[in-house]
Amino acid sequence: RSTLTSEEMPDAAAVGRWWRVCGAGDVVVREEEFLISAELRRIRPGSWVQQAAPARRIVHGPATGLIRLPVLPSGWVTSDARVVNGPLFLEPAE
């Protein structure tokens with residue numbers, strides 16, 4: 001497994017916050033913060049997920065800037081990949 005360096009995002013530290021899957025495709029829930037960790041499940045567009053802990057931003061490597069979010073009941077998702085020319089996957093459900 002490669003080393004992932006990330007930082008906590010205090011502005012996205014809303015534990016318990018609800019998010020809606022806003023992309024056109026499924027969001028992949030992975031076992032760990034690592035992008036190459038095992039896939040646990042997929043969440044379909046329009047579904048809601050709940051944040052389990054503060055979000056983290058990757059700070060080194062080709063995925064620099066990617067935002068990873070821990071979700072309940074378990075796992076991690078990419079919430080925003082726009083900085084690496086990917087999509088926005090989640091938006092606040094408020």
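Thr78 is buried, at 12% relative accessibility (buried means under 20% relative accessible area, exposed over 50%, partly exposed in between, with a 1.4 Å probe and protein chains only). This is a predicted model: local features need pLDDT of at least 70, side-chain atom pairs count only at pLDDT 80 or more, and totals for chains, interfaces and linings use all residues. Residues are numbered from 1 along each chain as its sequence is written, and side-chain values use heavy atoms, with hydrogens and water left out.

**Thr78 and its surroundings**

- Thr78 sits in strand β8, residues 76-80 (strands are DSSP runs of E, at least two residues, numbered from the N terminus).
- Its side chain makes a polar contact with the side chain of Arg68, at 2.8 Å. A polar contact is a pair of N or O atoms within 3.5 Å; within protein, one must be able to donate a hydrogen and the other to accept it, and residues adjacent in sequence count only if both atoms are side-chain atoms.
- Thr78 also touches Val27, Leu35, Leu66, Ile67 and Phe89, besides Arg68, leaving aside residues up to four places away in sequence (contact means heavy atoms within 4.5 Å).

**The three-stranded sheet**

- An open sheet runs in the order β5-β2-β9, with antiparallel pairing (two strands pair if DSSP finds at least two bridges between them).
- Strands β5 (48-50) and β9 (90-92) are the edges, each pairing on one side only.
- From one strand to the next, the twist averages 40 degrees (axes are lines fitted to C-alpha atoms, and angles run from 0 to 180 degrees between N-to-C directions).
- Strand β2, residues 18-21, pairs with β9 over three bridges in the antiparallel sense.
- Arg20 has Glu91 in β9 as its bridge partner.

**Salt bridges**

- The count is five salt bridges (a side-chain nitrogen of Lys or Arg within 4 Å of a carboxyl oxygen of Asp or Glu).
- Arg56 and Glu33 form one of them, with the closest N and O atoms 3.5 Å apart. This pair links distant parts of the chain, 23 residues apart: Arg56 lies in strand β6 (residues 56-58), Glu33 in the loop between β3 (27-30) and β4 (39-43).
- Arg56 is partly exposed at 22%, whereas Glu33 is buried at 15%.
- Glu39 forms a salt bridge with Arg42, at 2.9 Å between the closest N and O atoms. Glu39 is partly exposed at 40%, and Arg42 is partly exposed at 46%.
- Asp80 meets Arg82 in a salt bridge of 2.7 Å, N to O. Asp80 is buried at 13%, while Arg82 is partly exposed at 49%.

Technical notes: Helix = DSSP H or I, 4+ residues; strand = E, 2+ residues; numbered from the N terminus.
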